[in-house]
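Below is a briefing on a structure, arranged by topic. Please read it alongside the sequence and the coordinates.

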Amino acid sequence: MTTIQPPRFAVLQLSGCAGCEVSLLNAGEWIDRFDLAFMPLVTSAYDVPEVDILLISGGVRSDEDLHNLRQAVKRAKKIVAVGTCAISGGVTNLGNRDEVRQLFLSQSERHNLPRMLPKSQPVDVFVDVDLYLPGCPPTPELFMAALLEPPDFKASANVCQECGRQKLMDVKPTHLVGMAGGQVAPDICLINQGYLCVGSSTRGGCRALCTRPGHPCVGCRGPSNALIEKDSSTWLESIQRVFKSMTNIPPEELREALLSPQMALFLFQFSDYAGGDRPARSKDKVL
Amino acid sequence: MTTLTFPLSRIEGHARVEIEVQDGRVISTRFQAMEKRGFNLMVTGVPADQMPVIVPRICGVCSTAHHVASVKALENAYGIQPPPLANQIRELLLLGQLIQNQATSLFIFTMPDRLGVESLFHVDAEEAKKETQFDIARRALMVRQLGTDLITLAGGQFIHPVKAVVGGVSSGIDPGRAAAFQQRLQAALPTACELVDYYWEISTRMKDRIGTWGDDQPAYYIASTERDDPRYNSSIIRVMTPAGECCREFTADTFREELIFEDTDYSYAGRTSYQGGVIRANSLARANMTRRMGIRRADAYMRRLRSEFGHPAHPILLFDLCRGIELVYAIELASQLLEEDFTKGEVDMPYNPRDGEGWGLVEAPRGPLIHHYVIEKGKIAMGEFIIPTVHNMLAIERALRVAAERYITTDSVNLELEKAVGRVVRAFDPCIACATH
């Protein structure tokens, strides 16, 4: 009697927060369908073995990250970049600002430890990626979709489609109310309430898990397919158009808020990358 | 001189242990944190009101503690107090984090040491063994997921929560969802207790095999949970002396007068002492400094701990057993709290942001966590993060020395040392992403 070997997968964690791994542990169904061969958070294995699927989380921050990344991809048939840090640098990119890099450089060197690279980089700067799974972190449902790639899986076009809050055309706020705070009215669109919500241009698939309880979308899933292959100015204009039609917020106030660090963590990084000297990531490769 | 290097797995983040040996004598034991992102530098210039969304990304395991500490630091700077309902929802959030973390540490990080396997998800060749192990794994993941689902219920997003906002929380909890989740907690409680009982049993067996619960000298203990009511949305830090005297108390804004911080040149994490003395934070510290858990099943486990090990107790593998007690406590208490109506009363209060300085304290699973911000022109001029794992660094290295001296002689190094290194480090459940931030 022969038994069919379940597909093997590995999880390589570079510099990140382990939130992606914690999310993956919530997607418990893989226990029965996959053989987890390597994931230092939960297994005592020190090298990536030959696997069918390699999930990579975290950004490339140190020389050790880069070494581990290059070694690991040689042993995998399919490479999946998981989470914002691996795809576009994520929160660590706040450290790429020049003034912060100078502070970094002024910190004394440590002996016998991985050296910090000049800045944090996404993994596809160094290796080819077959599939991108954005989100900070991606939900368990999206992890299962990345592992199984069911042919009928299709994420919603944007977060608005999953949110269910009602857009009112006759309620037009004149100023932003801040990122959060204040009592949020249930069932009514957060933009109508003056929140800086970018769900209208953020790719869906997360089930709107922030906006439904009342926190504006910060765009952690990256741009929707309509915007993903374009540069960040297109994305910016798209959000500005939404606010122009739904609010009376002065354009300058909106622009300043959109360029703030919290927003820069997610959407801008993703599309600036595409608008730089590298080709845009094809939407067909993004889950 | 010989240097033995032990890479570490089944902990959060990248770290290793180096032990220097000369002629059978242990020269040093070092715990090296090997990653750094530099959050204290990165947050400089960030608009203050964005901190509660940015800082959970310090760590995906401890994100909830950072989220709440951040909001509390801003409230402290603005001179406001959230309404009671918001505090209850934040407590639920922290209980969700406690369930998630303690279940992960117990079942995924340390149970394999007791079962003699590489991983809870290890595929064993023997069909019978495999089924038993998968059965444990499924139940462990089910219990663990209660934690992230409670974070979702009370915090919106499941890893990096969003619902705690300056002044309160952004919304209450729908009664229907609360009731449904309370039933799940009730249904899962017996399973959690079975798993904890089993964990206690296999831990005792491991102790019989290796001959120790991890003896080490007493240390200072530090926690911010209160004596009769271990709330995690805490307000005061307490220190117990190695002699078991309780307790010196201080508030977060005076931490520098009590704790001494230093950097090392061999790790990206610093270390803390209490006036030069070794500190222990985390589950055992709380257990030693708490009179009772105040809830039925958890108190039964607490009495068992006291009768088996006395009070205060010091062996390091008791950190793991205490996590089991806290897992049961968190499920039991969350279930009790969810009987309240989380829609009645104000969820937040109005406030005016202002420049100044603020400190936010919570009891994270690994001990007291402090966020300290200086705000100028609405932006963070200085941000620092006082991390519980850093308080445990000296204690980890001292416990590693005890283990190394046990297994290293002039003639040989006992191969059990590698396992002992893993057991010692995991007992403290260090979080490297947090420690280095």
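How many of the 20 residues of α10(B) are buried? The model is predicted: local features need pLDDT of at least 70 and side-chain atom pairs count only at pLDDT 80 or more, while totals for chains, interfaces and linings use all residues. Residues are numbered from 1 along each chain as its sequence is written, and chains are lettered from A and ligands numbered from 1 in the order in which they are written.

**Helix α10 of chain B**
- Of the 20 residues of α10(B), 18 are buried, so the helix is largely enclosed by the rest of the structure; buried means that 20 or more other C-beta atoms, placed from the backbone, lie within 10 Å of the residue's own.
- Helix α10 of chain B covers residues 318-337 and reaches 28 Å from its first C-alpha to its last, close to the 28 Å expected at 1.5 Å a residue; the expected span is 1.5 Å times one less than the number of residues.
- Helices here are DSSP runs (H or I, at least four residues), numbered from the N terminus.

**Y329(B)**
- Y329(B) is found in helix α10 of chain B and is buried, with 25 other C-beta atoms within 10 Å.
- Leaving aside neighbours within four places in sequence, Y329(B) is in contact with M293(B), I295(B) and A298(B); contact means C-beta atoms, placed from the backbone, within 7 Å.

**Helix pairs in chain B**
- The axes of α3 (residues 63-78) and α4 (residues 84-115) of chain B come within 8 Å and cross at roughly 155°; axes are lines fitted to C-alpha atoms over the stretch in contact, and angles run from 0 to 180 degrees between N-to-C directions.
- α3(B) and α4(B) are therefore roughly antiparallel to each other, a term for angles over 145 degrees.
- On the α3(B) side the contact is made by T64(B), A65(B) and V68(B), and the α4(B) residues include R90(B) and L93(B).
- α5(B) and α6(B) (residues 175-210) pack at an angle of about 150°, with their axes 10 Å apart, and are therefore roughly antiparallel to each other.
- The residues of the contact of α5(B) with α6(B) divide into 11 nonpolar, one polar and four charged; Ala, Val, Leu, Ile, Met, Phe, Trp, Tyr, Cys and Pro count as nonpolar, Asp, Glu, Lys and Arg as charged, and the others, Gly among them, as polar.

**Contact between chains A and B**
- The contact takes 58 residues from chain B and 53 residues from chain A.
- The largest share of the side of chain B that touches chain A, eight residues, comes from α5(B).
- By class, that side of chain B has 27 nonpolar, 18 polar and 13 charged residues.

Definitions and conventions
Contact = placed C-beta atoms within 7 Å. Helix = DSSP H or I, 4+ residues; strand = E, 2+ residues; numbered from the N terminus. Buried ≥ 20, exposed ≤ 12 C-beta atoms within 10 Å, placed from the backbone. Parallel < 35°, antiparallel > 145°, perpendicular 65-115°, else oblique.
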